[in-house]
Each structure stands twice: as C-alpha cells, then as structure tokens.
Amino acid sequence: MTSLIPDVDTPSAPWTGRFDGDGPEHRRWWQAVAPLPAVPGPAGAAQEAPQPAARPAAILGFASDEGVRRNKGRTGAAAAPEALRRALGPLAFHLDRAVYDAGDVAVAGGDLEGGQARLGRAVASLLDTGHLTVVLGGGHETAYASYLGVGASRSVTEGKRLGVLNLDAHFDLRDEPVASSGTPFLQMARAEAAAGRGFRYAVAGISEANNTRALFETADRLGVRYLLDEDCSEERVRDFVASFLADIDVLYLTIDLDVLPAAVAPGVSAPAAYGVPLPVISAVCRQVARSGKLLHCDVAELNPEFDLDSRTARVAARLVDTLLH
C-alpha cells in the first residue's frame with residue numbers, strides 16, 4: 001500500500017503500545033494516530049476521539065542520513081522515524097486534535113536533493129490542506145527539506161513573514177560545494193533572497209566551542225539572532241523567543257537533538273559536552289505552541305544506533321507531544 005501523497009511511502013513499522021482499554025480515557029498515541037485520509041477529517045482509530053478543537057496534525061518521516069555522511073558525522077539517523085514512532089506510540093494521548101500519519105520519504109542511493117524535494121512537496125501539500133505538519137528526521141538535512149515545503153506553502157507565498165527558529169548547538173551555515181547536514185540554513189538564506197524575502201533565522205543553544213569564527217561571521221552578516229548554550233536560562237530563552245515571535249507571522253521550528261546535554265540525548269551524531277537543559281527546551285515548545293504562529297516543526301539528528309535505552313527517542317517523543325498540545 002502507498003501513501004495518499006505522491007512520492008511518500010507508508011511507514012516502515014506499525015504504531016504499537018500498551019493496551020489499557022478502548023475508551024477515550026485509555027487512549028494512547030498508537031490508538032489515536034490514523035492513516036492520512038483522502039479528505040481531511042477523522043478516520044480509523046481517530047473517529048472515536050472527541051471533535052478536535054485545533055487543526056489536524058500530519059506526521060511525515062524523513063529517513064535520511066546522507067547529509068550527515070557528507071558532513072562526516074556518525075550515520076544512522078535514517079532509522080530515526082521508526083524509532084520515534086515507537087517512542088510516541090505508548091504515550092498517553094491528551095491532544096485536542098486529530099493526528100494522522102502521512103508516511104515516510106526515504107533517501108536512497110545518495111540522492112539527498114531528490115529526497116528533500118519530495119519531502120518538500122509533501123509538506124507543502126499538507127500545509128495547504130490545513131494541517132500542522134511534523135517531520136520526524138533524519139539528519140539535520142531534514143531542515144532544508146522542511147523549508148522547501150514551508151517556503152512553497154500558501155501560508156508563506158501569500159506574503160506572511162516566515163521565521164525559522166532552530167534549537168541547536170550549531171549554526172549549520174556552512175558554505176560547502178555539496179549540501180549536507182551542515183549547510184541547510186545558508187541554503188535557506190539564499191533561497192529567501194532569491195524569492196525576495198527577508199531571512200529571519202534565530203538559534204538558541206549555540207556552542208561557541210563547536211562553531212568556527214567563520215560561522216559566527218556568516219551569522220552576523222546574515223543578521224542571525226543567536227543565544228549561546230551557556231546563556232540559555234529559562235528566562236533568557238523565553239525573552240529571546242518572544243522577541244523573535246513578535247517580528248514574524250508564521251513559525252517553522254526545528255529541533256536538533258544535539259542541543260540537549262549528552263546525558264539526556266546520547267543518541268545523536270555529535271553529543272553535546274554542555275547543552276541546554278531539557279526543561280528549557282520543553283518550555284520553548286510550550287511557548288511556540290501557545291503563540292498560535294507554529295506552522296511546521298521537525299525533530300532531527302536522532303541516531304538510534306547510539307541511543308541508550310531509547311533515551312533520546314523518548315525525549316524527542318515528549319517534545320513532539322508538547323508541541324502538539
């Protein structure tokens with residue numbers, strides 16, 4: 001069986017989890033998530049849920065680690081969508097919205113650019129049919145694929161100011177001849193300039209020790225707003241995000257899990273020696289969800305091969321759950 005969206009396949013594994021009963025009071029994610037219907041609206045297991053008060057969410061997997069390979073990182077992130085679904089499945093479902101699974105885009109044979117284009121078309125289609133879209137990556141090359149969809153959606157092309165907020169230890173503004181997991185935000189800056197739009201990009205969690213002076217100079221030249229990991233108290237991050245939200249109409253949030261301390265998120269390509277505490281990152285998720293401006297989000301860099309007791313996958317699942325509340 002194939003997805004209802006062209007170029008997207010059905011998930012590689014079914015949703016599973018603990019069974020406590022069929023009633024809404026027992027509902028878990030694996031019981032609530034339904035395949036994407038042909039017409040937006042409740043389908044399958046989601047028919048038993050209360051009438052959603054918020055727009056439906058659509059989940060897409062991006063099974064890719066080609067960008068990480070090109071960036072000379074630890075590969076394995078292609079297995080992340082399956083691991084994230086396994087971590088989400090057992091969670092209690094308290095959301096007041098329908099959630100659909102739209103399937104996966106897999107990068108094969110090194111064709112990263114083709115995979116990014118396919119995911120971008122799928123994201124744009126879902127956004128334009130009224131969904132809040134969530135991509136489960138994948139290396140952080142996922143970000144440029146997400147941007148292709150967000151940038152092509154009516155929400156942006158009709159003139160709304162797009163902001164990109166990245167929770168990350170790295171700028172990912174590398175200027176390289178071949179695109180990778182280290183280049184997506186410079187690619188975005190150039191694409192926004194070509195479209196005649198301003199590039200509004202903010203990063204919280206930057207590790208000074210892991211970004212060269214050239215990257216800081218590129219960030220300054222592009223007008224990037226950033227906050228170093230050592231400065232990420234909950235109050236300072238809240239004010240940083242609020243100031244950014246005030247200058248935009250719609251938000252694309254991307255979470256690179258290496259923003260978290262290695263003890264919290266060991267299963268990434270580049271574990272953080274310092275990192276931003278999980279409560280601070282979770283508070284950002286609540287803040288942007290409540291803003292009413294969240295258009296699209298993704299979670300990137302989960303590498304199940306290096307995860308301990310699925311610790312990183314479980315943290316990522318909690319963040320996705322928080323964003324969709």
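Reader: What makes strand β2 and strand β4 a pair, and in which sense do they run?

Author: DSSP must find at least two bridges between two strands for them to pair. Strand β2 (residues 57-63) and strand β4 (residues 132-137) have six bridges, so they pass, and the sense is parallel. Within this pair, phenylalanine 62 stands opposite glycine 137 of β4. The model is a predicted one, in which local features need pLDDT of at least 70, side-chain atom pairs count only at pLDDT 80 or more, and totals for chains, interfaces and linings use all residues. Residues are numbered from 1 along each chain as its sequence is written, and side-chain values use heavy atoms, leaving out hydrogens and water.

Reader: What is the order of the strands in the open sheet?

Author: The nine strands run β1-β3-β2-β4-β9-β8-β5-β6-β7, with parallel pairing. β1 (34-35) and β7 are the edges: each has a single partner strand, so one side of each has no neighbour in the sheet. As for the names, helices (H or I, at least four residues) and strands (E, at least two) are DSSP runs, numbered from the N terminus.

Reader: Let me turn to a helix. Which residues of α8 are buried, and why do they line one face of the helix?

Author: In α8 (residues 213-222) the buried ones are Leu215, Phe216, Thr218 and Ala219. Buried means under 20% relative accessible area, exposed over 50%, and partly exposed in between (1.4 Å probe, protein chains only). Down the helix axis, these residues fall within an arc of 160°, so they share one face; the arc is taken from the directions from the axis to the C-beta atoms. Arg213 and Arg221, on the other side, are exposed. The buried residues pack against α7 (184-194), β6 (201-206) and β7 (225-228), where contact means heavy atoms within 4.5 Å. After the helix comes glycine 223, with a positive phi near 75°.

Reader: How do you know that cysteine 285 is too far from cysteine 297 for a bond?

Author: A disulfide needs two cysteine sulfur atoms within 2.5 Å. For cysteine 285 the closest cysteine sulfur is that of cysteine 297, at 8.1 Å, which is too far for a bond. The structure holds zero disulfides. Cysteine 285 is buried, at a relative accessible area of 0%, and cysteine 297 is buried at 2%.

Reader: How do you know that the charged end of arginine 74 sits over the ring of phenylalanine 306?

Author: The rule asks for NZ of Lys or CZ of Arg within 6 Å of the ring centre and within 35 degrees of the ring normal. The charged end of arginine 74 is 3.8 Å from the centre of the phenylalanine 306 ring and sits over that ring.
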